[in-house]
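This report describes one protein chain, element by element and residue by residue. Please keep the sequence and the 3D view at hand while reading.

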Amino acid sequence: MLFENEIARVGYLSRSVPDGIDVKAEILRMIADGLSNASIAEARGITLRAAEALIQRTFAALGVNGDPSVNPRVVAVRMWHQGKVAVK
């Protein structure tokens with residue numbers, strides 16, 4: 001469980017998203033940092049179900065959500081580390 005000071009320390013957004021911040025990029029950053037769906041929900045101030053939906057939309061945008069033989073979290077983070085995804 002992340003506490004508010006930890007969330008602030010690592011720079012995650014909480015509750016609202018300022019103009020100009022790409023939510024999918026922030027979600028990808030959180031996934032790359034190893035946060036669980038529940039931790040992402042807590043950090044963003046949303047329900048677990050809403051976080052799961054955001055995560056699925058992020059995977060869909062990257063084209064990594066259709067193959068049941070691979071873990072989309074691993075594929076998405078690998079794409080980011082290989083420079084195939086630009087996170088601002």
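## Terms and basis

A polar contact is a pair of N or O atoms within 3.5 Å; within protein, one must be able to donate a hydrogen and the other to accept it, and residues adjacent in sequence count only if both atoms are side-chain atoms.

The model is a predicted one, in which local features need pLDDT of at least 70 and side-chain atom pairs count only at pLDDT 80 or more, while totals for chains, interfaces and linings use all residues. Residues are numbered from 1 along each chain as its sequence is written, and side-chain values use heavy atoms, with hydrogens and water left out.

## Overall architecture

The chain has five helices and zero strands, where helices (H or I, at least four residues) and strands (E, at least two) are DSSP runs numbered from the N terminus. Of its 88 residues, 30% count as buried, a term that means under 20% relative accessible area, with exposed meaning over 50% and partly exposed in between (1.4 Å probe, protein chains only). Among contacts (heavy atoms within 4.5 Å) between residues at least 6 apart in sequence, 50% join residues at least 24 apart.

Helix α2 spans residues 23-32, and its buried residues are Ala25, Glu26, Ile27, Leu28, Met30 and Ile31. These buried residues pack against α3 (37-44), α4 (48-62) and α5 (72-81). After α2 comes Gly34, which has a positive phi, near 90 degrees.

A nonpolar core is a set of buried Ala, Val, Leu, Ile, Met, Phe, Trp, Tyr and Cys residues joined through side-chain atoms within 4.5 Å. The largest such core has 17 residues, of which Ile27, Ile31, Ile40, Ile55 and Phe59 touch the most other members. At least two residues of this core come from each of α2, α3, α4 and α5. Leaving aside neighbours within four places in sequence, Ile31 is in contact with Ile40, Ile55, Phe59, Arg73 and Val77.

## The contact of α3 with α4

The axes of α3 and α4 come within 8 Å and cross at roughly 105 degrees; axes here are lines fitted to C-alpha atoms, for helices over the stretch in contact, and angles run from 0 to 180 degrees between N-to-C directions. On the α3 side the contact is made by Asn37, Ala38, Ile40, Ala41 and Arg44, and on the α4 side by Leu48, Ala51, Glu52, Leu54 and Ile55.

Leu48, in helix α4, counts as partly exposed at 41% relative accessibility. Leaving out residues up to four places away in sequence, Leu48 touches Asn37, Ala38 and Ala41, and its C-alpha is 6.7 Å from that of Asn37, 11 residues apart in sequence.

Leu54 lies in helix α4 and is buried, with a relative accessible area of 15%. Not counting residues up to four places away in sequence, Leu54 touches Val23, Ile27, Arg44 and Ile46.

Thr58 is also found in helix α4 and is buried, with a relative accessible area of 3%. A polar atom of the Thr58 side chain lies 2.9 Å from the backbone oxygen of Leu54. With residues up to four places away in sequence set aside, Thr58 touches Lys24, Ile27 and Leu28.
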